[in-house]
Amino acid sequence: MADPIVVRSLDEIKFWSRIMKEHALFLSLGFTYEQKQLIDEARQFIAIFERIEEKLTRFTINSDLQQVQAFNAEVYQAAAAIWSYKRKVLDLTLRCEIRTNNFPLLVDHISREAAYFANRLQELNEGILSPKPDEIIEENVFFLKIMADHAKFIGHLLDPSERKLVEQAREFSHDFDQLVFQAIDLDYMRPESETKPILSQFLNQNKVSVVSLRDFKKTATELIEECRIKSNIHPLLADHTFREAERFLEIIDLFEANLSENQFK
């Protein structure tokens, strides 16, 4: 039987390494021509994560645990390095030392995802598969904030003449901001009794909202690929945000399954 740590590790690396590679691409496209060093660094990260993706194909769910843990440690170093690079870009941007087409919030956003990826690899190498109940809330805060950011980016990158789509994006931004605040409130409450029903309701409410946003992103991606709407959104970026919504739904499903199996008490 496959080791669950191996299975989860390979899944995390498969998903997030592609995300990190695409982050480097999006950053490189947002720099101006004179920012050659930053562009070159971004391209180096594209190459690093492409090598990780190639190495990943050599593993299977039946691979040796120690070998996978060593791979986790290797990928952790890459995730930590791209996090540092993203924070450097953000610092240069906030101090107005560089001007780019990358929103500061977007750079912060992608650095948070790099930190999340690195942390997951570290947890898996410590044998931690699933979070505790209070950490479920914290992880949902992370992903709800990601979804809220996506809605804001979409709204700003659509052409202003796409009034209906811009308004839909703003509504999603507002809805997910409210879900973030609601999750933070619940996190502060940290209910010690009746945890399971409260968490179930919390996850179900999030799921309904994420499904709606996921479907909006899917439609937007198709329209962008078919050149049926006006925007500055790269088709790959649209698909990128869609995949992250799908990922959040998968994580919610995992949490719900754990709750139903009474793993959280």
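**Helix packing and a buried lysine**

Just past helix α4, Gly-127 has a positive phi of about 85°. This is a predicted model, in which local features need pLDDT of at least 70 and side-chain atom pairs count only at pLDDT 80 or more, while totals for chains, interfaces and linings use all residues. Numbering runs from 1 along each chain as its sequence is written, and side-chain values use heavy atoms, with hydrogens and water left out.

Me: How far apart are the end C-alpha atoms of helix α4?
Reply: Helices are DSSP runs of H or I, at least four residues, numbered from the N terminus. α4 covers residues 104-125, 22 residues. The expected span is 1.5 Å times one less than the number of residues. That gives 32 Å, and the end C-alpha atoms agree at 32 Å.

Me: Are α1 and α3 roughly parallel or roughly antiparallel?
Reply: Helix α1 (residues 4-30) and helix α3 (residues 65-94) pack at about 25°, axes 11 Å apart. Axes are lines fitted to C-alpha atoms over the stretch in contact, and angles run from 0 to 180 degrees between N-to-C directions. Under 35 degrees counts as roughly parallel, over 145 as roughly antiparallel, 65 to 115 as roughly perpendicular and the rest as oblique. The pair is therefore roughly parallel.

Me: Is Lys-217 buried or exposed?
Reply: Lys-217 sits in helix α7 (residues 195-225). Beyond four places in sequence, its contacts (heavy atoms within 4.5 Å) include Met-147, His-150 and Phe-242. Buried means under 20% relative accessible area, exposed over 50%, partly exposed in between (1.4 Å probe, protein chains only). At 1%, Lys-217 is buried.

Methods
Helices (H or I, at least four residues) and strands (E, at least two) are DSSP runs, numbered from the N terminus.
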